Each structure stands twice: as C-alpha cells, then as structure tokens.
Amino acid sequence: MHLLRFDSLPAWVSGVCALWRDRLRMNPALNICLPTGLTPAAVYAELARNVDRGDVSFTRASVFALDEFGGLPADDPGLTRNTLRRQLVSLVDLPSERFHCFDPNGADIEEQCRRYDTAIGRFDLVLLGIGLNGHLGMNEPGSDAGSPTRRVDLHETTIQSSARYFEHGNLPRWGITVGLGPILAAREVWLLATGTAKASVARETVKGEVGLHLPASLLRNHPNCSFFLDSEAGALL
Ligand code: F6R
C-alpha cells in the first residue's frame with residue numbers, strides 16, 4: 001500500500017484529481033468504480049471543472065456506483081446513484097448508458113448483482129472511502145475477501161453515520177454493495193480519507209493486523225493500492 005500524504009485538504013483534492021486525470025488520459029476507456037459519502041465530494045467537483053474546461057473526458061469511460069442504500073424511494077437525494085449523478089455524472093460527458101447503478105427496489109436483487117459483476121468484468125480503478133469501522137463500500141467487518149456483489153445488512157454504526165446523507169430519519173438498514181472480490185481484483189485501488197475522525201481507522205488500516213475484522217486492511221495485500229491521506233487523517237501515522 002503506497003501512502004500519499006498531503007499537507008492540506010486543497011492539496012489532497014488536487015493530488016487525487018491530478019492522478020485521476022492522468023489515468024483517464026492514459027486509458028480513456030477507464031472502467032471505474034466510485035463511492036459517495038462526504039469524502040469524495042470535493043474531488044468530484046474539481047474533476048467536473050476539469051471536464052468542463054476540456055482538460056479531460058469521460059466519453060469513453062464506464063462508471064459503476066460502488067453501492068446503494070435499500071428501502072428508500074428512488075428519488076431520495078441521499079441515495080448513492082442520485083448523489084453520484086448530482087456531484088459528477090450529470091456534470092461530465094459520460095454517456096448515460098455507461099453509468100451503472102443498483103436499483104434496490106427492483107424485483108430480483110440477486111440476479112441484478114450477478115449482472116453487475118458480469119458488466120464490471122475487471123475494474124481499472126476503484127475509489128473508496130473508509131468507514132469508521134474499516135468498511136469498504138458496504139462490506140462491513142467480517143465480509144469475506146472474495147465476496148461478490150450482493151445485498152448486505154448494515155452495521156448499527158454505519159446506519160447511524162448514514163444520517164449525514166439524509167434529510168429524514170428513515171435511515172436505511174440494508175444495501176447493495178460491490179463485493180470485496182471485485183474490489184480486490186481491480187488493477188488499481190485508491191483509498192481516500194480526510195479529517196481527524198478518520199485518523200484512528202487510518203492508523204489501524206496501515207499498521208494494525210490484516211484481517212476480515214477491518215476490511216480496509218485487506219488492501220495491504222493488493223499489489224497496486226494507494227492510500228490518499230490529508231494531514232488530519234494521517235496524523236497518527
Ligand atoms: C459510500 C461508501 C462508504 C463511505 C464510507 C465513508 O458509497 O462506499 O463506504 O465511503 O462510509 O463515508 P464518508 O466519506 O461520508 O466519511
């Protein structure tokens with residue numbers, strides 16, 4: 001795992017975006033998996049500005065949403081797909097048929113997950129945030145390292161911290177996530193963390209024991225994983 005440390009949040013955003021532009025230029029048909037949450041929002045805003053200026057393009061890329069919350073109406077602004085559309089997809093030149101996302105209200109979730117894994121093939125690049133309990137996407141502690149894309153129950157801490165994404169108290173208790181299998185099989189993985197709240201889990205991820213108790217720690221066995229930390233998230237390292 002390569003540690004990429006930045007002195008400030010703006011430097012962190014610029015650093016992530018510079019490398020992302022680089023990956024898109026080297027491989028315009030980049031097959032990429034994207035999270036939502038608070039962490040990547042500034043990165044998406046900057047990348048959208050880059051596309052607007054003509055610095056880089058998504059016209060040949062494919063984007064897969066990393067996960068989705070279940071049990072909510074399709075127009076809930078806190079859903080992963082609505083957030084990704086609002087923060088990036090609707091602002092860039094990605095063809096709509098190459099934006100892939102889950103529909104937890106659809107009939108056969110298992111079949112939907114099988115089709116998702118088939119459509120993924122192999123990711124060129126996966127961006128991930130990190131949960132306070134070390135979860136990746138919605139792969140909670142205890143998830144199998146080879147787990148496929150599937151329906152999952154959220155841990156209580158994840159349910160409570162998701163309150164930040166919703167304007168109502170009807171917090172989702174389950175979701176659908178790209179599994180650790182497709183994540184760990186990606187050619188390249190970037191783990192993103194900012195802010196003091198992530199300092200402790202960042203330290204555990206880098207220095208603690210590698211194991212299923214902390215899904216993020218499994219990335220230390222990945223041959224091409226970079227951990228992007230701002231000074232606050234990296235403070236205990
Ligand atoms: C969301 C996702 C989650 C978040 C994680 C950190 O699509 O994959 O695993 O990345 O919970 O969330 P934030 O960035 O809000 O701290």
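1. Arg23 is buried, at a relative accessible area of 17% (buried means under 20%, exposed over 50%, partly exposed in between; 1.4 Å probe, protein chains only). Its partner in a salt bridge is Asp22, with the closest N and O atoms 2.9 Å apart; the term requires a side-chain nitrogen of Lys or Arg within 4 Å of a carboxyl oxygen of Asp or Glu. Asp22 is partly exposed at 30%.

2. This is a predicted model: local features need pLDDT of at least 70, side-chain atom pairs count only at pLDDT 80 or more, and totals for chains, interfaces and linings use all residues. Residues are numbered from 1 along each chain as its sequence is written, and side-chain values use heavy atoms, with hydrogens and water left out.

3. The whole structure has 10 salt bridges. One of them joins Arg187 to Asp124 at 3.0 Å, N to O. Arg187 lies in the loop between helix H6 (180-184) and strand S9 (189-193), and Asp124 in the loop between H4 and strand S6 (125-128), so the pair ties together parts 63 residues apart in sequence. Helices (H or I, at least four residues) and strands (E, at least two) are DSSP runs, numbered from the N terminus. Arg187 is partly exposed at 42%, whereas Asp124 is buried at 15%. Salt bridges with shared partners link Asp22, Arg23 and Glu188 in one network.

4. Asp67, in strand S4 (residues 67-69), is buried without a salt bridge; Arg81, the nearest side chain of opposite charge, is 9.6 Å away (Lys and Arg count as positive, Asp and Glu as negative; His and chain ends are not counted).
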